[in-house]
Structure formats: C-alpha cells, structure tokens
Amino acid sequence: MAAVFLLLLCIHFSSAEPYIGVNYGQVADNLPPPSATAKLLQSTSIEKVRLYGADPAIIKALANTGIGIVVGAANGDIPALASDPNSAAQWINSNVLPFYPASNIILITVGNEVLTTNDPNLINQLLPAMQNMQNAVNGAKLGGKIKVSTVHSMAVLGQSDPPSSGSFVPSYQPALKGLLQFHKDNGSPFAINPYPFFAYESDSRPETLAFCLFQPNAGRVDSGNGIKYMNMFDAQVDAVHSALSSMGFKDVEIMVAETGWPYSGDSNEVGTSVENAKAYNGNLIAHLRSMVGTPLMPGKSVDTYLFALYDEDLKPGPASERAFGLFKPDLSMTYDIGISKSSQTPSTPKTPVTPQPKPTSSGWCVPKAGVSDAQLQSSLDYACGQGIDCSPIQPGGACFEPNTITSHAAYAMNLYYQSSAKNPWNCDFSQTATLTSQNPSYNNCMYPGGST
C-alpha cells in the first residue's frame, strides 16, 4: 500500500487555478526587482496579479508568463478620465498598448474604494471615468478582452448579517445603480474587499476565530433562509451577492479584489499571528480549490486576490498593515500555504524511504453518517490547509471520483489523521468524524492507514 500511496502523492494538482490571484503593492523601499518577482510567481499556482497602478517595469517583467495582470488608475486620475475621453485614450496608449498582448492585461480598475471616501464629486465622476475608459478599450479593439471595473470596501454594505439580508448603504445606492448597470452591460466584475480578520477584531470570541479561519466550528445559521454557514468568507461574499440581488443585479459576477490576514501586529491587535495567517490563507486556498463555491453561489470559486505578495514597510497605520506579505523581500516564504508548485507536486524520493514504525492505533478516519455537507466542507478545508497533500482529490487525481464533498472529506480527514499522532482527538473534526476498521480504499484510490 505504501508504494501505491507514494504514486498518489506524485499526481499533480489541476494545472488551471485561475481563481487564485495576489495583490502586488509597492509602498515599500526593499522590494526585489520585478524580474525576480516574475520568476517567483511562476514557481507558484498564482495565476493573476493585481497592481494598484500601472508600473511599466512590472508589466514588462510579466510578459510571456501567461499571468493575468490587473492594472489600476488612481483616484487622482478620475476627474481627468471623467471629463475628457482623450485622457482615457491616452491612459490606454501609455499603460496598455505598449505591453499587450505579451503582458496579459485582463482588467483595469478605475479608483480604489471611491464610494467610502464620501467625496460627492469623486463619486459622481466615477461612472463617467469608467465609461470613458471602457470606450477607450473598445477603441483600441480590446473590448471583451480587457474589462473595466472599480474596487469597493465592504463598508459599502449597510447590512451583512445574516448574509441573506445583505444590502448596500442607502446613500450609496444611487451611484451603485449606475455602476452595476455598467457591470451588467460590459460583463465586468463587481470587485469587493472582504476581510474576516476585521470581523474577528470586532468580535474576538474563540468561536468567531474558528469561523473566520475555516477551522472546524459549530457554524452559524442564516435566520433568513436557514442556511448554515461554516466560515466568514462565504458569509461575507454571500452578503454581497444578496445586496446585488436586492438591487436587481444578481447575475453580476463578484470578484474578491483583496482578502488576507496579518501575521504580526501591535500588542493591542487581536488575532495577528503566523499561525492564524497561515490558517486563513491556507484554508481559503483549499476552499477555493474544492470548487464548492458559497451556499448562494455553489459550484464555482470566486476569483480571489490574496493580500499581499510582499510586506509594504512604508505603509502607515498599525503594525498589521505592514505584515500581510506571503513572501519576504529575499523571496523566501513568510509561511507555507500550499501555493508553491514544488510543494504541490512532491517528487519521488531519490533515496529509499525508511519504513515507518507501525502505528499504535489501527484504523481509518472517516466522516460520521448524517453529517451535513457544510460541516464536512469545513473539515475538508481545515484538513487540506494543514499541509497534507490533497492532490489525489483534485480533478484528475485517483480519488477525485466520486466528486462529492463526503468522499473528498473522507480522504482528507483520513490523511490528516494518518499524518498526525493518531490520537483519538486527531479524528474528531468537531465531532464529524469517527474511526473505522473497514478500509475505505476503492479502485485506484488508496487510503493510507489501517494496520498495514
């Protein structure tokens, strides 16, 4: 069995993970050169990068990598873009045409969190600026290839709990109506910045932390529709979906432009630790890879850009603002969340593997009967976020079929248990799992464990 399992470890992840992106901020004085960053990105499963501006050196460095690039026009550019169509055409001529298509620019964001500046002039100019930018894109014969959007803070929602009651702040709704019609007409995404970290900061109970980190928890029932949510990310994204639906735009696609968790912070900042940051980002990646979606948008992973590629040491504010980086300036990982291609596809060891001592506890860890898919999804996300190799339950893997949450959770729970000290509590998963003496292996899908 060990030899067969080793073969399973070598099965690659599905190569296409287009829903995983990263934010590349530059408020720092110690960042590596763009060429080194481009190589770093190619060594990961990150397929898209969001820039806050349109740095030509970075855009050039990403040429011929296939990595999708989001470029941004700043809030300060909005008045000129809104008042003069030629300004938008010039912006495209300077920031897109010299690099496209070798550099795979896929989206232009006009402004960042404009509505919550509460500047009425800027808010009124946002839609005309986006329209002029879209016309300039169309004029360059790039319509449909490069989309135009803007990015919003979660503070545009006046209500988000429970998710089914999600609605926008009334004073923002007139502006949003025009923006949402623009998204619908042009097939562009509504971009939002959900941060479960901030939700935990305002409610720092242990059960809230587990809910925010995709760890096993009791879940939270939406009183409006009876759906049980097992993590804060899904709850926040579905609240945005509900808000869009309430405005008559339920089919506008949602994009998560930023989300992340700081690994360090000031003494008065709760929840900032390497352990929590690794859990949030690692479990989020596992959740996206599961393709389960959210309760209101099942079966599809929302495009999600992690914040951030590097720490930005010149950012103002609390210490946490300078501690979101997945990588250090020397290109080493701050912590491992399973996005390195080398860690996803372990190679066969070149030296013989020393036989492991027989486990003190025999058996396999499997889901209990009658456990809901939502609870199993939470346990699946948790297990795959702990550094085990979940590639056999990815598309093309030996254990992908049957493609059910129960089957995938069984594989992940058991692998986590077999990789642990095999104490009874290692097969608990908030009372959703149990030990069995029956080998659950089937066909070419081999479950490690038992008394072999």
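Phe233, Asp234, His287, Leu288, Gly293, Thr294, Lys300, Ser301 and Val302 line the largest cavity.

Some ground rules. This is a predicted model, where local features need pLDDT of at least 70, side-chain atom pairs count only at pLDDT 80 or more, and totals for chains, interfaces and linings use all residues. Residues are numbered from 1 along each chain as its sequence is written, and side-chain values use heavy atoms, without hydrogens and water.

Terms next. A cavity is a set of points, on a 1 Å grid over the protein atoms alone, where a 1.4 Å probe fits but cannot get out; lining residues have an atom within 4 Å of a point. Points join across faces, edges and corners, and volume is the space filled by probe spheres set on them. Helices (H or I, at least four residues) and strands (E, at least two) are DSSP runs, numbered from the N terminus.

How many cavities of 30 Å³ or more does the structure hold? Two. Gly counts as polar here.

Now the second largest cavity, with about 40 Å³ of space. Its lining is Pro216, Asn217, Met230, Gln375, Ser378, Ser379, Phe429, Ser430 and Thr432. By class, that is three nonpolar, six polar and no charged residues.

Last, the annotation. UniProt, in an unreviewed entry, lists "domain: X8" at residues 363–447. Over residues 363–447 the chain is 32% helix and 9% strand. The end C-alpha atoms of that stretch are 10 Å apart.

Note on methods. UniProt positions renumbered as here; feature names shortened; annotations may be inferred. 1 Å grid on protein atoms, 1.4 Å probe; cavity = no way out; pocket = protein on both sides within 12 Å on 5 of 7 lines; lining within 4 Å.
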